[in-house]
Amino acid sequence: MTKMPHYTSTTNACKLCKPIGASLAFRGIEGCVPFLHGSQGCATYMRRYIISHFNEPIDIASSSLGEKHAVYGGGANLKLGLRNVIKKYRPLLIGVATTCLTETIGDDVKMILNEYRQEFGGDADHPEIVSVSTPSYSGTHMEGFHAAVRAVVEQMSEGGEKNAVINLLPGFVSAADLRYLKDLFADLGCALTMLPDYSDTLDGQALNDYPLIPEGGTPLAAIRKMGCSRATLELGRTLPDITAGTSLRDRDDVPLHRLGLPIGIRETDRFLAAIHEITGIAIPARHEQSRGRLVDAMVDGHKYIFGKRAVIFGEEDLVVGLTSFLAEIGIQPVLCATGGKSGNFAKAVSAVLAGTKCDMPEVHEEVDFYDIEERAKELRIDLLIGHSKGYAFARREKIPLVRVGFPIHDRMGGQRILHLGYHGAQMLFDTITNTIIAKKQDDSDVGYSYM
Amino acid sequence: MEPATVLTERQGQIHRKGPAPFAMECNKDSLAGAVSQRACVFCGSRVVLYPIADAVHLVHGPIGCAVYTWDIRGALSSGPELHRLSFSTDLQEIDVIFGGEQKLYKALIELIDRHHPKAAFVYSTCIVGIIGDDLEAVCKKVSAEKSIPVLPVQSEGFKGNKREGYTAACKAMARLVGTGDISGISKYSINILGDFNLAGEIWLIRDYFNRIGIEVVANITGDGRIDDIRRAHGASLNVVQCSGSTMDLARMMEKEYGIPSLRVSYFGVEDMAESLYEVARFFKVPAIMKKAREVVREELQTLLPELNRYKKALTGKKAAIYVGGAFKAFSLVKAFRLLGMDVVMVGSQTGTEEDYEELRQITDDGTIIVDDSNPLELSSFLKEKNVDIFVGGVKERPIAYKLGVAFCDHNHERKEMLAGFQGMLNFAREVHGSVMSPVWGFVPRRENAND
């Protein structure tokens, strides 16, 4: 397992920083403005990074700390920034995430926010404020994302009389994935609170006016009642020990079901079975039919991809799901790599491969693209699967890259890539198979016009 | 209460040209909570030094700062491409507690041994400024061991805005200047400062200068090389483009080596021609001026007829400009005028009082002039002026697109060559290709207009 050399320096990281994950999660809540407590650059850089994937506006406010704040504390600027955001955006919620600067100078954000609430909380149009600690030197964007979701639940939801709603904590998936999950529950006729939901806020329509805050997002009223729900479904096999799901379970007795991202057949089967078990609702025929069509397509295309060797990189849970799917279609995952370090990655990969004939691939946490490339060169690979930052490597080695996840900075429509469910698997299957067919066709001297 | 598009504190940074006296408040710290489009000191340093292609650029800090600046500039190199790699020390909690100097030292040694660069730049980030790592000492030590310049860049993000970052970058480069052999450099020689070789622009500009008999000693920093910068003091003149990103270096070189400087712009036909004439005038050699006129004549002969085709289609269309430095805005105002278009809004992130006075002089009555703006303000200006095309960078793009306004990317991420005579034609094509697209016929803004 430790074939990967360990370098001190990082080259071309395969992870992002914690506050960007929190900002993305906050963006998926109704009326919420993400707010970074730190210097101006962080917010601007993250906006740029997010915009280049979603092609959507994303306003992330900042307390814009300067040198004197770094010395004397950023409390005053945090309060000023909150007031200005309220004046300009009229938000229902402000999600404050810290940065490495404010964590290191020791700003006590909880205390500053309490002071702020005492000073201004009486105002009629005063929004709620939640805060999350996201020092960039500890964890990746995924930890930031999960921490923000947990902070929202812990600081906003309340217990109470139970209802029939299902809480769904999908993790960091695409806008198309979120729409799929919502449609699924609509098909089931099952009430759903999905947190977060940026399927509209980060993939909106053409408008006549610039939205102060785009419509959509998880309704605040629904978040407040998450403690009353019948159950929580939390997606991800590499999640931290304490999450929004465990908080709801431990505090409000909401039963927690943790499942992998429903990528490919078996993980989707498990996901739908869990929903059926919890709600007693039969899965509509439409979804069974999608599964049938997927299997049919897999048969049609299996010969073109059998035995191909793939490197999968990116966020741990996405990689785990994709690995599971590749094992189902006869592609051998040879290297699973992530910049994260949940400590659960290898275990999760092994779990999703159980029962398949697929060999256990090399699995590496805490690696960058330099490491991935160095290792992959020795593994004789046919395919890269991951976000667009793998392109440099793909180009150098003349290996095709199938783009999934975040970010997709060099193609249109990253937010509309569907990964989840049988439908997502169908799209992935077609894309992967066609990528391999196209490579063979392009490289061929003949250039056959039939497969 | 209605949301405030323009916060009271920001009103002094927005002017509508008219009879009222003009006094722009600028060069202020960004207002907390205003969602400025500005980045930070680190960003300023990083973008200036970025194109130096044979140096290691190591970002000493948590991963975010490095990862958001990985391969972000369209700055091309004719040789090595070290600048396109994203190096970081990826500071972790333990480094923040015990200090990152040892990790920095090891990372530097590792990267220098691996890549054999001509020099290394080490960028300080917010957190390094707080934990107090002695960059200077580590760099000195590594420099002595590896016998290459290892230069600290004091770019802690919170210590001002992008401008301070420019200064920090110039200070780092100033340490290189004067350390190379200058024998054999022509009397008629210049350094090109403030062009970053986006899409290969500096090659075009160098070609113009070569054609009029001028030797270019160092590109600072487009397609830049450490050895060229080391002998930059052998040039007779510094030709500086861009709003001050490299002006500090020119000032330092004037003081230290008595090298005078000219400010020029290569955007637009008029400014490009004037740049060549100004350099020719400086050298007071009739043959150079004669050749400059010839170059301009030759270039315009092919350019103008083609430009006129675009002008026909674009005349009367309204343009808005929001760019990083005001100097680019001057040229864009003129370039739009050449295309028969009206500039109705112009602004910059970091303009000075003199810059805004110049903008006032060259714009028409009623034009909105703005400093350090933000998405809500910009979108309100686009609507108020019923703009046809907005020119800016990635962060401005979704503002335009969401409202159904055409867009031209004129920032450092762009992949189109917009400088020089050829660049003016590309610019016209870019503007035309966006403004004339049929897609605007479907956006709500125009649909409603057609009712």
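Q: Helices are DSSP runs of H or I with at least four residues, strands are E runs of at least two, and both are numbered from the N terminus. With that in hand, where is B:D71?
A: In this predicted model, B:D71 is in the loop between α2 (63-67) and β3 of chain B.

Q: Why does B:D71 count as partly exposed?
A: B:D71 has 18 C-beta neighbours inside 10 Å. Buried takes 20 or more and exposed takes 12 or fewer, so with 18 B:D71 lands in between and counts as partly exposed. Its phi is near 55 degrees, a positive value in a residue other than glycine.

Q: And what makes A:E366 partly exposed?
A: Same cut-offs: 20 or more for buried, 12 or fewer for exposed. A:E366 has 19 neighbours, so it counts as partly exposed. A:E366 is in the loop between β12 (362-364) and α15 (369-376) of chain A, and has a positive phi of about 60 degrees despite not being a glycine.

Q: Why are α4(B) and α6(B) called roughly parallel?
A: Their axes come within 10 Å and cross at roughly 30 degrees. Angles under 35 degrees count as roughly parallel, so these two helices qualify. The crossing is right-handed.

Q: How do you know that β1 of chain A pairs with β3 of chain B?
A: Pairing needs at least two bridges, and two bridges join β1 (residues 10-11) of chain A to β3 (residues 87-88) of chain B, so the antiparallel strands pair. In β3(B), B:F87 is the bridge partner of A:T11.

Methods: Residues numbered from 1 in each chain as written. Chains lettered and ligands numbered in written order. Predicted model: local features only at pLDDT ≥ 70, side-chain atom pairs only at ≥ 80, totals over all residues. Axes fitted to C-alpha atoms, helices over the stretch in contact; angles between N-to-C directions. Parallel < 35°, antiparallel > 145°, perpendicular 65-115°, else oblique. Left-handed = near helix turned anticlockwise from the far one by under 90°.
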